[in-house]
Amino acid sequence: MPPKGGEPKDFKLPEKEVVAYDNGLTLVMVPYGSIPKATIRFSVKTGNINEEENQVWLADLMADLLEEGSLTKTSKQIADEMAGMGGNLNIGVGVHTSSISSAVLYEFAPNAIDLMADVIRNPKWPAEELDRLKDDIKRDLAVRLSRPRAQAMRDFFATIYPDHPYGRYYPTDEMIDSYTLEDIKQFYESKFGAKRTTIYVAGNFDKVKVKAAVDQSMSDWREGSESNYPIASPVISNTVMIIDRPNAPQSTIYYGLPVADPSHEDYIALDVTNSILGGSFASRITSNIREDKGYTYSPRSSIQDNYKSGIWFESADVTTEHTGASLFEIKKEIEKLQNEPPTQEEMDGIINYESGIYVLQNSTPNGIIGQLIFLDTHDLDESFLSNKVKNMHAITPEKVQEMTKKYIRPDKMTLIVVGDKNKIEDQIQETVQKPLKQ
């Protein structure tokens with residue numbers, strides 16, 4: 001037998017210094033590690049969540065245009081300067097935050113901050129590049145929507161969030177074509193500003209010089225508006241729908257429902273429950289329909305952490321002839337955990353694995369910044385991070401059973417399947433015993 005592993009250790013957030021500016025900007029400096037590099041991220045509390053119904057991916061198009069240069073530098077000049085500092089500039093949009101980030105050599109952190117400030121404050125908005133960027137987005141959209149997972153995910157979240165940006169995953173070509181330069185500028189002007197922005201610097205750097213760079217380049221930026229995340233009201237729809245993909249050798253399944261979000265007292269226990277049920281390679285559903293039955297190669301359950309709203313779902317690509325059997329086994333594992341708590345041995349194995357992965361993932365400057373943004377996004381105290389390992393180990397088998405009964409309810413789940421309708425409709429109908437949405 002291998003030797004027993006060591007006692008689990010809590011994640012310890014490194015000491016940090018926070019500077020608040022009069023215009024609402026926040027600077028967070030986290031000295032960490034021995035590698036002579038600094039990771040810098042300008043994080044703005046806006047993203048796809050602040051798009052209107054007719055603006056899906058407008059924020060993404062805005063980010064693409066930001067990459068085309070500032071009023072003082074071309075995109076090539078920016079790329080060359082960042083390369084000379086040992087890094088490159090990354091501009092991205094997520095659901096809740098948009099960011100400009102880089103990792104540069106220790107001595108260049110202040111220079112990188114100056115350059116990044118220029119990009120975020122003084123976008124050039126070159127109109128001549130807009131059509132090319134729109135065409136790029138439309139090609140990307142066409143490729144994504146040719147894949148069954150994207151189709152299933154699109155309809156799954158649209159069903160649960162019919163009146164919220166969380167349910168609007170993909171735009172149409174017509175929507176993209178309609179976006180104007182004025183639309184992009186208006187989104188930027190209304191959603192970007194110092195009040196929504198935090199500058200994170202983690203790794204090795206000179207704190208005095210970094211603060212001086214932020215003072216000079218960002219302390220006089222316009223305040224802008226306060227951040228505002230519209231709170232979603234997810235729907236328990238009980239919908240069952242097949243998206244027909246004739247002759248498909250596999251069926252893509254999305255199966256789930258609304259659950260607690262990270263700010264809820266049940267979240268940690270629910271997270272452990274998910275790991276046991278389907279969220280890890282050693283989970284029950286994975287062991288059943290992958291290792292034992294061979295119905296699928298890629299099953300996985302997840303909790304999607306939205307603002308004040310969580311979604312639990314199982315996703316898998318299963319062989320067409322075993323679509324109904326796969327759903328049956330997924331339901332069986334859920335009901336088994338509802339009726340009987342896991343053993344302490346199973347609990348210990350899953351929790352040790354998950355807590356170890358959690359600490360390892362957060363042991364880099366980029367990981368630390370990611371966790372700080374997670375706290376800020378979900379209005380959480382730092383104790384959420386520092387106590388997570390301890391709180392995970394405090395979850396009992398009975399608590400897992402309770403969470404499964406309370407939240408993971410097959411009778412309330414939305415089911416979207418992309419596959420050969422002629423071959424899978426009867427299988428699904430027999431398993432779920434609900435009317436299918438046509």
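Author: Two strands pair if DSSP finds at least two bridges between them, and strands (E, at least two residues) and helices (H or I, at least four) are DSSP runs, numbered from the N terminus. This is a predicted model, in which local features need pLDDT of at least 70 and side-chain atom pairs count only at pLDDT 80 or more, while totals for chains, interfaces and linings use all residues. Residues are numbered from 1 along each chain as its sequence is written, and side-chain values use heavy atoms, with hydrogens and water left out.

Reader: In E2, which residue is the bridge partner of Val-18?
Author: Strand E1 is joined to strand E2 (residues 26-31) by four bridges, and the two run antiparallel. Within E2, the residue bridged to Val-18 is Val-28.

Reader: Which strands stand at the edges of the open sheet of six strands?
Author: The pairing in this open sheet is mixed, and the order is E1-E2-E6-E3-E5-E4. A strand with a single partner has one side left without a neighbour in the sheet, so the edges are strand E1 (17-20) and strand E4 (90-93).

Reader: Is Glu-67 buried, exposed or partly exposed?
Author: Glu-67 lies in the loop between helix H1 (58-66) and helix H2 (75-84). Leaving aside neighbours within four places in sequence, Glu-67 is in contact (heavy atoms within 4.5 Å) with Ser-75 and Ile-91. Buried means under 20% relative accessible area and exposed over 50%, with partly exposed in between, using a 1.4 Å probe and protein chains only. At a relative accessible area of 38%, Glu-67 is therefore partly exposed.

Reader: Why is strand E8 largely enclosed by the rest of the structure, and how many of its residues are buried?
Author: Strand E8 pairs in the antiparallel sense with strand E11 (residues 414-419) over five bridges, and 10 bridges join E8 to strand E10 (residues 309-319), also antiparallel. E8 (residues 250-259) is largely enclosed because, of its 10 residues, the number buried is nine.

Reader: How are helices H9 and H10 oriented to each other?
Author: The axes, lines fitted to C-alpha atoms over the stretch in contact, have angles that run from 0 to 180 degrees between N-to-C directions. Those of H9 (residues 267-279) and H10 (residues 284-292) come within 5 Å and cross at roughly 5 degrees. Angles under 35 degrees count as roughly parallel, over 145 as roughly antiparallel, 65 to 115 as roughly perpendicular and the rest as oblique. The orientation of H9 and H10 is therefore roughly parallel.
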